[in-house]
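Trainee: I am new to this structure and would like to go through it with you. Could we start with the open spaces?

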Amino acid sequence: MSHIKVVMCTGNNGKFRTAQEHLAPRGIEVEQIQLELDEIQTTSVAEIAERKALQAFSILGRPLFVEDSGFYIEEFDGWPGPMVKQALEALGPDGFTHLADLTTNRTCRFASAAVYVDAQGELHTFADDSRKSGSIAPVPDRGNGPRSWSDLWSIFVPEGSTSTLAALPAAQQEQVFAEWREESVLAALGAWLAGQQ
């Protein structure tokens with residue numbers, strides 16, 4: 001397997017660690033570059049990621065990728081979607097669980113997009129609008145495991161589980177993340193990059 005190095009533009013260290021986790025098994029090393037990038041207001045994570053990737057490319061002038069994700073509450077027409085960070089800052093995990101009380105089934109999902117810009121400035125988009133479905137817990141449960149840092153994971157109950165992702169026992173939590181690593185947009189990007197060698 002040949003060694004590939006790729007630049008990821010993100011100021012989010014959690015996203016960077018996730019990218020490393022998803023791409024390392026494919027022999028891809030990720031370098032983080034932090035840039036302040038404008039985020040357009042749209043419900044499409046792919047459109048946001050594409051715009052950020054082009055903006056980052058115009059600044060750096062080299063191949064790179066960005067990843068964006070959103071959290072969608074089905075009965076709220078997908079709100080907050082890509083604006084989840086702002087919604088969490090305003091409402092907190094407790095606010096999300098109270099909002100879910102207004103729904104009939106608390107259903108939610110994550111969606112994400114990874115966009116790679118090649119040396120010619122061409123975009124290569126890997127998007128998944130329906131991954132990681134589940135429900136919102138009645139109350140936040142952060143647990144105390146190594147992945148308990150995310151507010152979203154303290155309210156997200158994976159399909160087939162009765163506990164929040166953050167509070168799952170370590171072995172079950174790792175099983176969920178292992179499945180996500182196989183199916184993620186980052187895995188799709190990694191497979192594509194490996195195929196370009």
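Mentor: A pocket, on a 1 Å grid over the protein atoms alone, is an open set of points where a 1.4 Å probe fits, with protein on both sides within 12 Å along at least five of seven lines; lining residues have an atom within 4 Å of a point. A volume is the space filled by probe spheres set on the points, which are joined across faces, edges and corners. This is a predicted model: local features need pLDDT of at least 70, side-chain atom pairs count only at pLDDT 80 or more, and totals for chains, interfaces and linings use all residues. Residues are numbered from 1 along each chain, and side-chain values use heavy atoms, without hydrogens and water.

Trainee: What volume does the largest pocket have?

Mentor: The volume of the largest pocket is about 1,300 Å³. Its lining has 41 residues, and the closest to its centre are Asn12, Lys15, Glu67, Ser69 and Lys85.

Trainee: What does Asn12 do at α1?

Mentor: Asn12 caps the N-terminal end of α1, with a side-chain oxygen 2.8 Å from the backbone nitrogen of Gly14. Helices are DSSP runs of H or I with at least four residues, and strands are runs of E with at least two, numbered from the N terminus.

Trainee: Now Ile155: buried or exposed?

Mentor: Ile155 counts as buried because its relative accessibility is 0%; buried means under 20% relative accessible area, with a 1.4 Å probe and protein chains only. Ile155 sits in the loop between β7 (133-136) and β8 (156-158).

Trainee: How far apart are Ile155 and Phe96?

Mentor: Their C-alpha atoms are 7.8 Å apart in space, while Ile155 and Phe96 are 59 residues apart in sequence.

Terms used. Polar contact = N/O pair within 3.5 Å; in protein donor to acceptor, adjacent residues only side chain to side chain. Buried < 20%, exposed > 50% of the residue type's maximum accessible area, 1.4 Å probe, protein only.
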